[in-house]
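Please open the model in your viewer and keep the sequence panel beside it.

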Amino acid sequence: MEKVIEVEELLKRYKNVVAVNGISFDVYRGEIFSLVGPNAAGKTTTVEILECLRTPTSGSATVLGFDVTTNEDAIKRRIGVMPQDFNTFERLTVTENVELIARIYNVKPDIEQVLRELGVWEARDRRFEALSGGMKRRVGISMALVSDPELLFLDEPTTGLDPQARRETWEVIRRLKKMGKTVVLTSHYMEEVEALSDRAAVIVQGTIIAKDTVDVLISQYGGGFKVNVANGDKRIEELFTQLAETVISHEKGVTGTFQTRQEASKALASVYQLGDQYTVDITEPSMDDVFSQLAGGRVDERGELV
Amino acid sequence: MKRVYAIFSALLKSWLRSKTGIFFSFLFPVMLLIIFSTVFGGGGSSQYVLFVQNFDVQDDAPTNLSTAFIGALEATDTFDIRHLDTTVDIKTYVRENPSFSFRYRVLQIPHGFEEKSLSKSMSVRIDVVMDTLTIMEQQYAAYMEEADLQQVEKGKALLTRLEGTLPTEPPVILLVTDEQDMAAPALTGIIYGVANSFSNNLIGTEDIVTITGEPLEQRTLKVADYFLPGFIAAFIMTNGIIGATSTISEYRRDGQVKRMAATPLPKISWILGNILQQTVLAFILTGVMIILGWVIFGVRLIPNVYALLLILTGAVAFCSVGMVLGGVIKDVEAANGAGNAIAFPMMFLSGAFWPIEQMPDYLQIVAKFLPLHYFHDGLLQIMVYKNPGQSLTGFVVLGTFAVVFILVALKVTKWKEL
């Protein structure tokens, strides 16, 4: 697979603070790659270095084959960016804002098509200040997309949005992948990363502590599938002892942990063979569990590590 | 250039859609024009209050000569004469009757003013006759008979004897003024002039040198016309330094600058686009100010091509200063404060609203270091005195400012964080 971003030992230091501590990762063409972690983990600093908005202290980074320290213009012409806390000229309409970016890139795109694809065509004549949070982000993505870039950087694209708007934005991001774009995403929402990403890097305190496909991360660090039998008894406990990796008996019943979905399904079938008096539920491992396992804590709604 | 225009048109559209922004942009210069034109050129009296205590009284009535002197002061149209009883102690009166609308100035005409004036004038007349006779003896003795010369000598002896009998003390008028009274030196000069002319009349001579008045500008200009160049210059300066500083720091806070920096837009295009927008804004508002001046105050000045060029240079120069401040100061409130802290003192110290000759010497030196001084002076030379040659300094100073500050803005505007 073709690499569109190559990062080697990238380090960014501000006086006494190390924001990015010698990280390395690659991004492949056509994938959605996520940098996931709590606030101040170094996600934005990393993407802003790749967007040529910050200078690295040491290490190397190339974007689409161009060095970020020496080929800023070539990179900026080929990428699309939606910065963190995205904002634009509030009293200009959606169309005017998108047209402005097109004029800066000196391109003449089919703006109607861009706006229709992102679902903001109906709001084209409304001022940016009058839009909802979700619509504003979609306008931001339209502006990033107007130059038809190969690679898009979306920095915290759904932060602060309500669940409905967040899911609508996810659909837009999935559409970008279908359009053949490579997307680099930063987020502190584990659910979002899991829902959208092909691959992800978990970053905490400027260091990448794990990176791989989302499936591999979950299978390696997610802690397995948990089958909980609410009214489990000795028979269930004996069954799980034979089938599960770990078995825990507690007040709410018996919980067995299984490495794969197939093993969990097999255990579930075995429980029902013992009788239909049992109440069973399965908890699938998630990126939340991965992060918890790797970082020793969870990230709350505001992005803080708790 | 296309990108500069793209930024310029986006910024201008954005400004034109801000109702409150437009309102306050217009309000400020219009308020200044109204206030200053009303205060300095309105229908108010331009006379100065002068209290007079006339101690020269005979038979309970002021003497003719003291009355005539007061009449001569009134005839200048400079003074609003108010008579004060001679029993009043000035210091007590001032303390008990404080005034915020005028400064106390009290003229005391001493007792014996008429008598001393007449005897002094007689003494002066005798001196003049004596002088004339002596010169006649020296220069024309060869043409005179001996008997005539003796008659002249007799006459001189008689005049000398007569002069010896006259009181020699001159009448002295006392003028009491407030130390803080800025107008006192000028008013003292006027009173001195009246006294001098009065003295000449007493000895029967005429004022040899006379003064006649004529307006400096042959065209009929109104007070607002003279203020207009200062207003235009001050307004463009505040618009640039306060307006541009505030706008740029807000764009930076709100993320527009980062959004632009993430595109291939060169930093210089962003800077020039902003300066162009602020400059066009300055032109629009200047036009509006002149139209309002024309409608409300009957202003007759119309900027010619030189004035427009100087306005353009000034707008670019001061917007560049705003770009630098907005680029250096990260906090919006601090940037606004800095803009105000620079613009307002400059507005009042540069002499845009009053001649710098009225300011203390050290402030006059300060004014010479302020670019606004050269801006309004240049506009005054072009628009009022029709003397564009005298505005060259303004062009040079503002042009240099513009180039230097655009270069500094290019340096301090962060397109990339280190």
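Begin by selecting chain B and displaying its contacts: among those between residues at least 6 apart in sequence, 83% join residues at least 24 apart. Please keep in mind throughout that this is a predicted model.

A compact globule of 418 residues would have a radius of gyration near 22 Å, whereas the value for chain B is 33 Å. If you then colour the chain by burial, buried residues account for 35% of its 418 residues, and a cartoon view of chain B will show 15 helices and 6 strands.

Next, colour chain B by domain. Which residues belong to domain 1, and which to domain 2? The domain assignment gives 2-41 together with 219-412 to domain 1, while domain 2 covers 48-202. The C-alpha centres of these two domains of chain B lie 54 Å apart.

Now bring chain A into view and select the residues through which the chains touch, where chain B contributes 21 residues and chain A contributes 24. On the side of chain B, the elements that give two or more residues are helix 1 (2-16) and helix 9 (256-261), and it is helix 1 of chain B that gives the most, with 6 residues. Colouring this side of chain B by class shows 7 nonpolar, 5 polar and 9 charged residues.

Move on to chain A and select its open sheet of 6 strands, which has the order 6-7-8-3-9-10 and mixed pairing. At the edges you will find strand 6 (79-82) and strand 10 (207-213) of chain A, each of which pairs on one side only. Looking from one strand to the next, the twist averages 15°.

Strands of a sheet pair through backbone hydrogen bonds, and they may do so in parallel or antiparallel fashion. Which way do strand 7 and strand 8 of chain A run, parallel or antiparallel? Select residues 151-155 for strand 7 and residues 182-187 for strand 8 of chain A: the two run parallel and are joined by 5 bridges. To look at one pair of residues here, pick Leu154(A), whose bridge partner in strand 8 of chain A is Leu185(A).

For the last stop, select helix 8 of chain A, residues 214-221, which lies across strand 9 (199-204) and strand 10 of chain A. This helix 8 runs at about 110° to strand 10 of chain A.

How values were computed:
Residues are numbered from 1 along each chain as its sequence is written. Chains are lettered from A and ligands numbered from 1 in the order in which they are written. This is a predicted model: local features need pLDDT of at least 70, side-chain atom pairs count only at pLDDT 80 or more; totals for chains, interfaces and linings use all residues. Domain bounds come from an automatic or database domain assignment. Two residues are in contact if their C-beta atoms, placed from the backbone, lie within 7 Å. Helices (H or I, at least four residues) and strands (E, at least two) are DSSP runs, numbered from the N terminus. Ala, Val, Leu, Ile, Met, Phe, Trp, Tyr, Cys and Pro count as nonpolar, Asp, Glu, Lys and Arg as charged, and the others, Gly among them, as polar. Two strands pair if DSSP finds at least two bridges between them. Axes are lines fitted to C-alpha atoms, for helices over the stretch in contact, and angles run from 0 to 180 degrees between N-to-C directions. The radius of gyration is taken over C-alpha atoms; the globule rule is 2.2 Å times the number of residues to the power 0.38. A residue is buried if 20 or more other C-beta atoms lie within 10 Å of its own, exposed if 12 or fewer, and partly exposed in between; C-beta atoms are placed from the backbone.
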